Amino acid sequence: MAEPTYAELLAVYKSALLTISTGQAYTMPGGRSLTRASLSEVRETIAWLQNEIAREEQAESEDDETGTGIVLARFN
């Protein structure tokens with residue numbers, strides 16, 4: 001199985017953010033509680049993924065601008 005891309009991970013983390021934000025913690029009668037993943041950590045990971053995607057897009061854009069092919073010149 002291939003490694004997920006940053007864009008795929010970003011979609012998963014955004015979905016997790018929605019799930020977590022609707023019910024971060026729940027306390028049951030009798031004192032038992034359930035706490036979901038850390039909302040702040042999910043937000044930090046989303047920001048990191050967005051930065052990584054932007055960095056990759058910038059690098060691709062720079063490659064397109066500078067070109068990687070051969071340029072021929074003719075002087076007469």
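Buried means under 20% relative accessible area, exposed over 50%, and partly exposed in between, using a 1.4 Å probe and protein chains only. The model is predicted, so local features need pLDDT of at least 70, side-chain atom pairs count only at pLDDT 80 or more, and totals for chains, interfaces and linings use all residues. Residues are numbered from 1 along each chain as its sequence is written, and side-chain values use heavy atoms, with hydrogens and water left out.

**Figure 1. Overview of the chain.** Two helices and two strands make up the secondary structure; these are DSSP runs numbered from the N terminus, with helices (H or I) of at least four residues and strands (E) of at least two. Along the sequence the pattern reads α-β-β-α. The chain has 76 residues, and 9% of them count as buried. Accessible areas come from the Shrake-Rupley method with a 1.4 Å probe; for residues, only the protein chains shown count as cover. Contact means heavy atoms within 4.5 Å. Of the contacts with a separation of 6 or more, 50% join residues 24 or more positions apart. Mean pLDDT, the predictor's confidence in each residue on a scale from 0 to 100, is 84 for the chain, and 83% of the residues reach 70 or more. Confidence is highest in α1, at a mean of 91, and lowest in β1, at 80.

Figure 2. Rings of Phe, Tyr and Trp (its six-membered ring) pair if their centres lie within 6.5 Å; planes under 30 degrees apart count as stacked, over 60 as edge-to-face and the rest as tilted. The count by this rule is one aromatic pair. Tyrosine 6 and tryptophan 48 form it edge-to-face, with 5.5 Å between centres and 90 degrees between planes. The pair links distant parts of the chain: tyrosine 6 belongs to helix α1 (residues 6-21) and tryptophan 48 to helix α2 (residues 39-66), 42 residues apart. Tyrosine 6 is partly exposed at 26% relative accessibility. Tryptophan 48 is also partly exposed, at 43%.

Figure 3. The term requires a side-chain nitrogen of Lys or Arg within 4 Å of a carboxyl oxygen of Asp or Glu. One salt bridge is counted. The side chains of glutamate 52 and arginine 55 meet at 2.9 Å, N to O. These residues are three apart in helix α2, so about one helical turn separates them. Glutamate 52 counts as buried, at 12% relative accessibility. Arginine 55 is exposed, at 55%.

**Figure 4. Arginine 43 and lysine 14.** Arginine 43 sits in helix α2. With a relative accessible area of 51%, arginine 43 is exposed. Its C-alpha atom is 8.5 Å from that of lysine 14, 29 residues away along the chain.

Figure 5. Patches are made of residues with over 30% relative accessible area and no salt bridge; like charges are joined within 9 Å, nonpolar side chains (Val, Leu, Ile, Met, Phe, Trp, Tyr) within 5 Å. Tyr26, Met28 and Leu34 make a nonpolar surface patch of about 300 Å². Tyrosine 26 lies in strand β1 (residues 25-27). Its relative accessible area of 49% makes tyrosine 26 partly exposed. Alanine 25 is in strand β1 too. Alanine 25 is exposed, at 55%. Beyond its neighbours within four places in sequence, alanine 25 contacts Leu34 and Thr35. Alanine 25 and arginine 36, eleven residues apart in sequence, are 6.2 Å apart in space, C-alpha to C-alpha.
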